[in-house]
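Trainee: Could you go through this model with me, beginning with the strands and then moving to the rings and the core?

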Amino acid sequence: MAAYIIADVTVTDPEQMAKYREWSTKAMQEHGAEVLVRGGEFDVLEGPWTPSRIVLLKFTDRAAAKAFYNSQTYQHAKSLREQAGIMRMVVVDGI
């Protein structure tokens, strides 16, 4: 069953976030992530949620999504992002 990582990102340091994106892209490629959404315009249809930037990644299953997240490459990316913004991220099973 496919699994998805959904991230809501608030960028506070664009230059540092660019370094994060470089390494997170490497991790996505290493783990076969299909990038469905990475930024882009959106409209809030209901509720108080006001995201800044949405990312949606598709993986073959939850184990693959967690392998991506726990990988050495992504953990390096994550360390670069620590002072660059606020990340809210979940993994969810598809149907």
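Trainee: Which residue in β3 is the bridge partner of Val37?
Mentor: The partner of Val37 in β3 is Leu56, and strand β2 (residues 34-38) is joined to β3 by 4 bridges, the two running antiparallel. Strands here are DSSP runs of E of at least two residues and helices are runs of H or I of at least four, numbered from the N terminus, while two strands pair if DSSP finds at least two bridges between them. This is a predicted model, in which local features need pLDDT of at least 70 and side-chain atom pairs count only at pLDDT 80 or more, while totals for chains, interfaces and linings use all residues. Residues are numbered from 1 along each chain as its sequence is written, and side-chain values use heavy atoms, with hydrogens and water left out.

Trainee: And what joins β1 to β3?
Mentor: Strand β1 (residues 3-11) and strand β3 (residues 53-59) run antiparallel and are joined by 7 bridges, with Ile5 standing opposite Leu57 in β3.

Trainee: Switching to rings, how many aromatic pairs are there?
Mentor: The count is 4 aromatic pairs, where rings of Phe, Tyr and Trp (its six-membered ring) pair if their centres lie within 6.5 Å, and planes under 30 degrees apart count as stacked, over 60 as edge-to-face and the rest as tilted. Tyr20 and Tyr74 form an edge-to-face pair, at 6.0 Å centre to centre with 80° between the planes. That pair links distant parts of the chain, since Tyr20 is in helix α1 (residues 14-30) and Tyr74 is in helix α3 (residues 72-81), 54 residues apart.

Trainee: Why is the pair of Phe68 and Tyr74 tilted?
Mentor: Their ring centres are 4.8 Å apart and their planes are at 45°, so the pair counts as tilted.

Trainee: Is Tyr74 buried or exposed?
Mentor: Tyr74 is buried, because its relative accessibility is 1%, and buried means under 20% relative accessible area, exposed over 50% and partly exposed in between, with a 1.4 Å probe and protein chains only. Phe68 is buried as well, at 2%.

Trainee: Which residues touch the most other members of the largest nonpolar core?
Mentor: Those are Leu57, Phe59, Phe68 and Tyr74, out of 18 residues, a nonpolar core being a set of buried Ala, Val, Leu, Ile, Met, Phe, Trp, Tyr and Cys residues joined through side-chain atoms within 4.5 Å. Helix α1 gives the most to this core, with 4 residues.
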